[in-house]
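Try each task before reading its solution.

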Amino acid sequence: MNGSFVVNGRRVEWSFEPEATLLDVLRANGHPEVHRGCDEGSCGACSVLLDGKLVNSCQVFAASAIDKDVLTVAGMGTIHEPHPLQTAFVETGAIQCGFCTPAMILASLALLRSNPNPTDEDIRSALDGNYCRCTGYVKIIEAVRLASRRMSAHD
Amino acid sequence: MTELTIVGKSVEKVDSLSLACGNARYASDCELRDPLFLTFALSTVPHGDILSIDDFAARAVDGVVDVFHAFNTESPLFSTAGQGFPEPSPYDTRLFNRRVRYVGEIVAAVLAESLEGARAGAKAMKLEYSTLPALFDPERSMDSDSPKLHDGEDAYAPLPVAYRPEENVAGEVLFSYGDIEKGFSEADFVVDETFRTHQASHCALEPHNASAYFDEKGRLVLVVSTQVPFHSRRIVAKATGIPAHMIRVIKPRIGGGFGGKQEVLVELYAALAAWKHKRSVRAEMTRPEVFTSARTRHPMRVRIKTGVKKDGTMTAMDMNDVMNSGAYGAHALTVLSNAASKVLPLFNKIENMNFTGRTVYTNLPVGGAYRGYGATQGYFPFNQHIDGISRTLGVDFLDFVKKHHIRVGETSAVFEAIGEGTEGVSQIVRSCKLDECIDIGTREINWHGLRGKRITDGPLVKGIGASVAMQGSGIPQVDMASASMKMNDDGSFNLMVGATDIGTGSDTILSQIAAEALNVPLEMIIVLSSDTDLTPFDVGAYASSTTYVSGRAVLTCAEKIRDQILSVASAMTGTPLEQLSLAESRVVNRATGEETSFSQVACFALYSKDQFQIQASASFTGVESPPPFMAQFADVDVDTETGKVRVVKFVSVGDCGQAVNPKLAEGQIEGAAVNGISFALAEQYLFNKNGGMTNNSFWDYKIYGTLDLPEMVTVVVESDEPTGPYGAKSVSEIGINGPAPAIANAIYDAIGVRIYDLPLTPEKVLKAIRSRA
């Protein structure tokens, strides 16, 4: 089947199998920044923002996302013009292997959009669906704190 | 020593912005033209001979191209353990074994035009087995009447090490010194305890995977999620028969390893299928397959018996380990060795010592390398045992440790006695700040305010516990690393290393070492790791070796480059060498103050006279393995009504030598500590009566998330290791050793019951509380 999506602000038209997940379709169409960690909705590595809402893209049928707005980490900023969350993750040492990072940054963005000045507890709750096995989360939480300070300063 | 300018600074990890922006590519992101997909069929019986394989239905599935299995694919015996050659692990497996030995063993690989087709094909495979009695209890595996897994001629050890498949013994480590009986007879009391550590999964977020394709000359390129690209090429060649020179292994970014990817697994089958069909192949384990069919932490039973005098002298220690290797012997000998060699030297004043260790086969998932590598299994009993002894003596645990631990200038007979498949290497400790680590941790956890106070809050009782550990820095006289560098005309340098950054930050710290030696800003070092065609050899990311071993190779290489720069500058300007020294990106004539930029030097060498490129390579093998040290502390609340243990605060204080990048060093400790806490409290393998894992998903195998975290405090204490690059040792593994014993010691502190078996589940704690009452 065919479907049109708005991915990182750009309208695209993709064809895919009816049972394909949003993760499959994104990865097949030039978005390898969306990572497959478990394919069962438990690790969070495939998180994207779907119409602004954080979802595990491995648990969403692509067909159900037609005409919706999909944001991946590549749509937040680039290596030449990174988003403050991306630089905060870099500066705090919140990235080791980086496999969870794109999803972790999107989960953080979803949090900061709804709650620009989160407490540590808010941050922990918001990131609970995203596993990281490398960092022990300490510097990830610090990164979100730093980004929150910087982003509110710009508002 | 001159002031360090880049080493010792928490510069940003060189690959982190690309990872944050989604630019970085992992093995499964490799673009393949018209790939085939490969999936696995797994054994459903724990032990049995395959009588027949019916792949007719599988081949009939739409899109299925081929099916590989024991009846159509020959391979020699080999080991999947990604170790040096010859491997200290037994050669006891083939690509497909005619006898299967655990539920989850790969019995077929199905190749299809689509992933769905390959999965449907795998599901359609029909195998008939003649089942054999299964062995699940490692402590009974050496019994004469137990089923034997590898008896007969179908397995051997390539090194001259003890290997007795007829007894299910996959590895054996024995040593003693002094007179153990005399030691025990001199003791005022003897403590004899038995502990058990459990199986665990690495849970790297990126599943094991490989992508295979052919280059324009018909060579096979394998893009692999691996910690050991050079071992991977060697072992793929051995197992599949593809000539090694026709294989190129590329390591892109890796989504975590922790030892799990020190194993050559998925790429074997991707290579086999791609080579036969001359097509690109994508192969990836599912998460359940990673749990059951990749590798795990070896469970271990440790009996530890110590003779003690009333004055605190330990007169004898006898340690007896039985390690469960599961169905195959990957790392069977060496993880066991490390349970002794990384643990016993810490208390080097015990004059009479005996160690008896055996690794045994069972019909369960296979053990392998896992961060800590046996030390984790050894320190859980060791620290609890010492906590108990110090309590019996009425001495503070930390004071007791300080009195007994190894110090600068001292050695241990264990270093020389136990190596990895060979004898060990004698060494003296040249840097150790364990006392400082203990003192800092004591303050951070409020040891004196909380230890033994049993502060209660309703059903909650607080306890404080600690543990100490050491590790190593590479395998001495075994691990080798190489680096090469070349200078570009703008004064930048390409640094090529076989050292394998799997998320640890080794690209960054090796660049820092090169930049420091050459006195250039970090961005003038362009690092590439690791590619068997382009980068020199390195054993890979394991044994806490990269900073120390690969770091020394990079340092030596950079020093050679520095000498060449000075000599070109001397010829170029007609200045005697002795008069020249390096300043940032330039050579300075100390007599005249005249400066020549690195760019001018490089251009002169490349274009002007007696042309050559400034370039060098270097290799390094450690003759010693300087241990990092760590003290870890847990503040726990034990719920006496439910048995639930909550870690409130966790403190890690480590001596890793000079931290090349303190923030990355901290990150290594934090990650290891949280993995260790999760291992101690939350993670466990559950099996059905066939030895099949029943909780092979993240839904049922719990690992720590953000809501589970205690307050974490991590302190890096710097020491100067004279043999290390700029004083560095290692840091990546050690932090996982201490959480389980520190928490167990804290539970004892809270409720006066000792939990001897991991994991420390509410059921066990509650049972222990009730049996005490």
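**Exercise 1. Work out how many residues of domain 1 of chain A are in contact with domain 2 of chain A, and what kinds of residue they are.**

Solution. This is a predicted model, so please read every value below as computed from it.
- Step 1: locate the two parts. Domain 1 of chain A covers 2-75, and domain 2 covers 84-154.
- Step 2: count the contacts. On the domain 1 side there are 15 residues, and they meet eleven residues of domain 2 of chain A.
- Step 3: find the main contributor. Strand β3 of chain A (residues 47-50) gives the most to the domain 1 side, with three residues.
- Step 4: sort the domain 1 side by class. It has nine nonpolar, five polar and one charged residues.
- Step 5: The centres of the two domains of chain A, taken over C-alpha atoms, are separated by 21 Å.

**Exercise 2. Describe the overall make-up of chain A, and compare its radius of gyration with that of a compact globule.**

Solution. 
- Step 1: list the elements. Chain A has five helices and five strands, and along the sequence they follow the pattern β-β-α-β-β-β-α-α-α-α.
- Step 2: apply the globule rule. For 155 residues, a compact globule would have a radius of gyration near 15 Å; chain A has 15 Å, so the two agree.
- Step 3: look at the box. Along the principal axes, the C-alpha atoms of chain A fill roughly 45 × 30 × 25 Å.
- Step 4: Of the 155 residues, 54% count as buried. Among contacts in chain A with a separation of 6 or more, 58% join residues 24 or more positions apart.

**Exercise 3. Characterise the side of chain B that touches chain A.**

Solution. 
- Step 1: count both sides. In this contact, 45 residues of chain B meet 42 residues of chain A.
- Step 2: look for helices. In chain B, α1 (16-20) and α17 (662-681) each supply at least two residues of this side. The largest share, eight residues, comes from α17(B).
- Step 3: sort by class. The chain B side divides into 20 nonpolar, 16 polar and nine charged residues.

**Exercise 4. Find the domains of chain B and examine how domain 1 of chain B meets domain 2 of chain B.**

Solution. 
- Step 1: read the bounds. Domain 1 is 27-132 + 208-284, domain 2 is 296-475 + 624-772, and domain 3 is 480-621.
- Step 2: take the spacing. The centres of domains 1 and 2 of chain B, over C-alpha atoms, are separated by 35 Å.
- Step 3: count the contacts. From domain 1 of chain B, 21 residues are in contact with 23 residues of domain 2 of chain B. The domain 1 side has eight nonpolar, nine polar and four charged residues.

**Exercise 5. Trace the open sheet of three strands in chain B and the helix that packs on it.**

Solution. 
- Step 1: set the order. The strands run β23-β24-β25 with antiparallel pairing.
- Step 2: β23 (580-583) and β25 (595-597) of chain B each pair on one side only.
- Step 3: inspect one pair. β24(B), residues 586-589, pairs with β25(B) over three bridges, and B:R586 stands opposite B:S597.
- Step 4: place the helix. α16(B), residues 598-608, packs on the sheet, touching β24 and β25 of chain B, and its direction makes about 65° with that of β25(B).

**Exercise 6. Explain why helix α8 of chain B is largely enclosed.**

Solution. 
- Step 1: recall the cut-off. A residue is buried if 20 or more other C-beta atoms lie within 10 Å of its own.
- Step 2: apply it. Buried residues of α8(B) include B:L333, B:V335 and B:N338.
- Step 3: conclude. Ten of the ten residues of α8(B), 332-341, are buried, so the helix is largely enclosed by the rest of the structure.

Terms used:
Residues are numbered from 1 along each chain as its sequence is written. Chains are lettered from A and ligands numbered from 1 in the order in which they are written. This is a predicted model: local features need pLDDT of at least 70, side-chain atom pairs count only at pLDDT 80 or more; totals for chains, interfaces and linings use all residues. Two residues are in contact if their C-beta atoms, placed from the backbone, lie within 7 Å. Helices (H or I, at least four residues) and strands (E, at least two) are DSSP runs, numbered from the N terminus. Ala, Val, Leu, Ile, Met, Phe, Trp, Tyr, Cys and Pro count as nonpolar, Asp, Glu, Lys and Arg as charged, and the others, Gly among them, as polar. A residue is buried if 20 or more other C-beta atoms lie within 10 Å of its own, exposed if 12 or fewer, and partly exposed in between; C-beta atoms are placed from the backbone. Two strands pair if DSSP finds at least two bridges between them. Axes are lines fitted to C-alpha atoms, for helices over the stretch in contact, and angles run from 0 to 180 degrees between N-to-C directions. Domain bounds come from an automatic or database domain assignment. The radius of gyration is taken over C-alpha atoms; the globule rule is 2.2 Å times the number of residues to the power 0.38.
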